[in-house]
Amino acid sequence: MSRPVPWIPAVLYGAVLLGGVYYAAIGPGPGARTAGFVGLLGALIALDGWGRGRGWDRWRWRGRRIAPGAVLALRVLLLCAVTAVDVSGLSRVLFVLVPFLAFFAYGSAAAVGLGVGCVAALAGAFTLWVPRWQVRAEYISDLLMFALGIVLAVAMAAVAVREQQARARLEGTLAQVAELSAARERNRLAREIHDSLGHHLTAIGVQLEMAEAFASLDPAASTRAVSHARWSANRALDEVRASVRTLGPGSEAEPVVLSRALADLVHHLDGGSRRITLETSGVERRPLLVLYRAAQEGLTNACRHSGATEIGVDVAYDERGARLRVADNGTGFDPAEEGFGLAGLRERVRLAEGTVAIDTSADGTVLTVGVPW
């Protein structure tokens with residue numbers, strides 16, 4: 001249910017009150033009818049004030065809800081009483097509030113019907129109490145002006161209702177946008193945690209296993225593995241801090257040089273029973289975080305799940321963009337069981353308008369990601 005524009009009834013009440021009191025002062029003088037006029041108009045003003053305080057669609061008396069129709073009927077009775085004691089005749093204009101307020105409570109059909117009823121009631125009153133009013137210009141003019149006021153009141157109510165509905169739709173849309181933005185940010189942070197922190201934790205586990213295996217056989221290799229694990233831990237902390245600093249869509253901090261970042265990544269994972277190689281060709285035009293994350297995802301899956309002993313990382317740059325290829329000789333996986341990491345990677349690449357291809361079998365897996373400049 002829409003809410004009426006509160007200042008319109010107040011303006012009409014104030015104008016009628018001042019006009020009626022002024023007419024009484026310069027004419028017959030204040031008397032009982034003037035006092036009744038002021039009192040009844042004050043009751044109408046109090047009724048509307050009570051409605052605004054409680055909500056136009058939630059009228060209550062002693063804890064019980066009052067139907068808007070009952071309040072509208074009470075308002076009509078008070079208007080009739082005000083008109084009966086008003087010596088100036090100005091209070092007739094207040095009847096335009098009947099269809100105006102009914103529009104908000106019951107809609108356009110009820111407002112138009114009540115408006116027609118008000119015009120008909122005024123014409124009936126003229127017929128009962130004003131002989132031959134049909135040929136008297138002042139009464140015909142009063143009736144036409146009253147009908148015009150009814151039309152304007154209904155039109156104003158329609159405009160107010162549409163404006164309120166438009167505002168409600170806008171607020172709903174803004175709420176949905178805020179919710180979608182929050183969901184997008186949560187998804188972005190989830191991808192960052194999985195792709196960055198998850199990869200480095202895997203690398204730490206791999207290097208610590210290597211350090212434990214070579215502790216007695218090759219102390220130097222064991223020491224290097226511990227150093228690589230420490231590098232991965234520091235790198236994970238740096239990337240977590242960067243993600244926290246750059247909260248918000250589209251504000252991710254990219255590596256300074258992709259080739260250098262990939263070289264560091266491969267260097268700290270290579271060794272032991274697993275050999276990882278990196279090859280690059282072409283000229284890198286700008287950093288591409290999406291390819292760095294794709295390399296992390298491919299290497300993490302190859303090291304953690306596939307049991308691969310040979311992993312090759314190839315990056316090629318050309319005029320159209322860059323292409324990353326991560327191939328391993330592991331056992332492959334079931335494409336139907338694709339996890340959160342690959343799903344997040346596909347979303348990253350989609351936002352970058354790139355492509356993802358995964359070819360997996362019992363002989364190994366090949367992940368290919370292409371991204372335009």
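Guide: Let us begin with helix 1 (residues 7-26) and helix 4 (residues 97-106), whose axes come within 11 Å and cross at roughly 165°. That angle makes helix 1 roughly antiparallel to helix 4, because anything over 145 degrees is counted so. Helix 1 passes helix 4 in a left-handed crossing (the near helix is turned anticlockwise from the far one by less than a right angle; clockwise would be right-handed). Each axis is a line fitted to C-alpha atoms over the stretch in contact, and the angle, from 0 to 180 degrees, is taken between N-to-C directions. Helices are DSSP runs of H or I with at least four residues and strands are E runs of at least two, numbered from the N terminus.

Please keep in mind that this is a predicted model, in which local features need pLDDT of at least 70 and side-chain atom pairs pLDDT 80 or more, while totals for chains, interfaces and linings use all residues. Residues are numbered from 1 along each chain as its sequence is written, and side-chain values use heavy atoms, without hydrogens or water.

Stay with helix 1 for a moment and find Pro9, which lies in that helix. Is Pro9 buried or exposed? Pro9 is buried, because its relative accessibility is 0% (buried means under 20%, exposed over 50%, partly exposed in between, with a 1.4 Å probe and protein chains only). Although Pro9 and Phe100 are 91 residues apart along the chain, their C-alpha atoms are separated by 9.4 Å.

Another pair to compare is helix 9 (residues 289-306) and helix 10 (residues 340-351), which pack at about 165° with axes 10 Å apart. Helix 9 is therefore roughly antiparallel to helix 10, and helix 9 passes helix 10 in a left-handed crossing. Helix 9 also meets helix 8 (residues 258-267): their axes come within 10 Å and cross at roughly 20°. Helix 8 and helix 9 are therefore roughly parallel to each other, since the angle is under 35 degrees. Here the crossing is right-handed, with helix 8 passing helix 9.

Glu353 has a positive phi of about 60° although it is not a glycine. Most residues other than glycine have a negative phi. Glu353 is also exposed, because its relative accessible area is 66%. Arg132 is a further non-glycine residue with a positive phi, at about 55°. Arg132 sits in the loop between helix 5 and helix 6, and it counts as exposed because its relative accessibility is 61%.

How much space lies in the largest pocket? About 520 Å³ lies there. A total of 17 residues line the largest pocket, and the closest to its centre are Thr83, Arg92, Leu122, Ala125 and Trp129. (A pocket is an open set of 1 Å grid points where a 1.4 Å probe fits, with protein on both sides within 12 Å along at least five of seven lines; lining residues have an atom within 4 Å of a point.) Helix 3 (68-85), helix 5 (108-129) and helix 6 (137-214) each supply at least two lining residues. Helix 5 gives the most, with 6 residues. By type, the lining divides into 12 nonpolar, 2 polar and 3 charged residues (Asp, Glu, Lys and Arg are charged; Ala, Val, Leu, Ile, Met, Phe, Trp, Tyr, Cys and Pro nonpolar; the others polar).

Val116 is in helix 5, and it is exposed because its relative accessible area is 55%. Val116 and Pro99 are 17 residues apart in sequence, with 8.9 Å between their C-alpha atoms. Cys80 is in helix 3 and counts as partly exposed, because its relative accessibility is 39%. Cys80 and Leu94 are 14 residues apart in sequence and 9.7 Å apart in space, C-alpha to C-alpha.

Key. Points joined across faces, edges and corners; volume = space filled by probe spheres on them. Parallel < 35°, antiparallel > 145°, perpendicular 65-115°, else oblique.
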